[in-house]
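This report describes a single protein model.

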Amino acid sequence: MAKPESIASIIARGLQDLGISRKVKQASIEHLWPELVGPEVAAHTRVIKVDLGRLFVAVDSPVWRQELLYHRSEFLQKLNTALGESVVSDIMFTGP
């Protein structure tokens, strides 16, 4: 007798079969962002959208924007690791 399959794997397979698993992961980025970047960075940023693999993040000041540019590759690595695959290829920091 075969082992029962977990609900999580059934849902993951269903999303994959529908071709929307990547979109679901992209939608989860807004909730993951504060956890990945920490409370101080999260207080000065807001996820806007993911478009063609690029994550757009609004920043509240030019000083923070410049600082975040130095950490872009670190944020990309943390984000894609948390998502389990390379969903985001670049981060665009926008703002004043």
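## Overall architecture

Among contacts in the protein with a separation of 6 or more, 56% are between residues 24 or more positions apart; contact here means heavy atoms within 4.5 Å. The model is predicted, so local features need pLDDT of at least 70 and side-chain atom pairs count only at pLDDT 80 or more, while totals for chains, interfaces and linings use all residues. Residues are numbered from 1 along each chain as its sequence is written, and side-chain values use heavy atoms, with hydrogens and water left out.

The protein contains five helices and three strands, in the sequence order α-α-α-β-β-α-α-β. These elements are DSSP runs numbered from the N terminus: helices are H or I runs of at least four residues, and strands are E runs of at least two. The protein has 96 residues, of which 32% count as buried. Buried means under 20% relative accessible area, exposed means over 50%, and partly exposed lies in between (1.4 Å probe, protein chains only).

## The nonpolar core

In soluble globular proteins, nonpolar side chains tend to be buried together. Here the largest nonpolar core has 22 residues, and those with the most contacts inside it are Trp33, Leu55, Phe75, Val88, Ile91 and Phe93. Such a core is a set of buried Ala, Val, Leu, Ile, Met, Phe, Trp, Tyr and Cys residues joined through side-chain atoms within 4.5 Å. At least two residues of this core come from each of H2, helix H3 (39–42), E1, E2, helix H4 (62–70), H5 and E3. H2 supplies the largest share, five residues.

Ile91 is located in strand E3 (residues 90–94) and is buried, at 0% relative accessibility. Beyond residues up to four places away in sequence, Ile91 touches Trp33, Leu55, Val57, Arg72, Phe75 and Leu76. The C-alpha atoms of Ile91 and Arg72 are 6.6 Å apart, although the two residues are 19 residues apart in sequence.

## The aromatic pair

The whole structure holds one aromatic pair. The ring centres of Trp33 and Phe75 are 5.6 Å apart and the planes stand at 65°, so the pair is edge-to-face. Rings of Phe, Tyr and Trp (its six-membered ring) pair if their centres lie within 6.5 Å; planes under 30 degrees apart count as stacked, over 60 as edge-to-face and the rest as tilted.

Trp33 belongs to helix H2 (residues 21–37) and Phe75 to helix H5 (residues 72–83), so the pair ties together parts that are 42 residues apart in sequence. Trp33 is buried at 3% relative accessibility, and Phe75 is buried at 5%.

## Individual sites

Asn80, in helix H5, counts as buried at 14% relative accessibility. The side chain of Asn80 reaches the backbone nitrogen of Val87 at 2.8 Å. Residues up to four places away aside, Asn80 touches Glu85, Ser86, Val87 and Val88.

Leu52 lies in the loop between strand E1 (45–51) and strand E2 (54–59) and is exposed, at 78% relative accessibility. Leu52 has a positive phi of about 50° although it is not a glycine.

How values were computed:
Polar contact = N/O pair within 3.5 Å; in protein donor to acceptor, adjacent residues only side chain to side chain.
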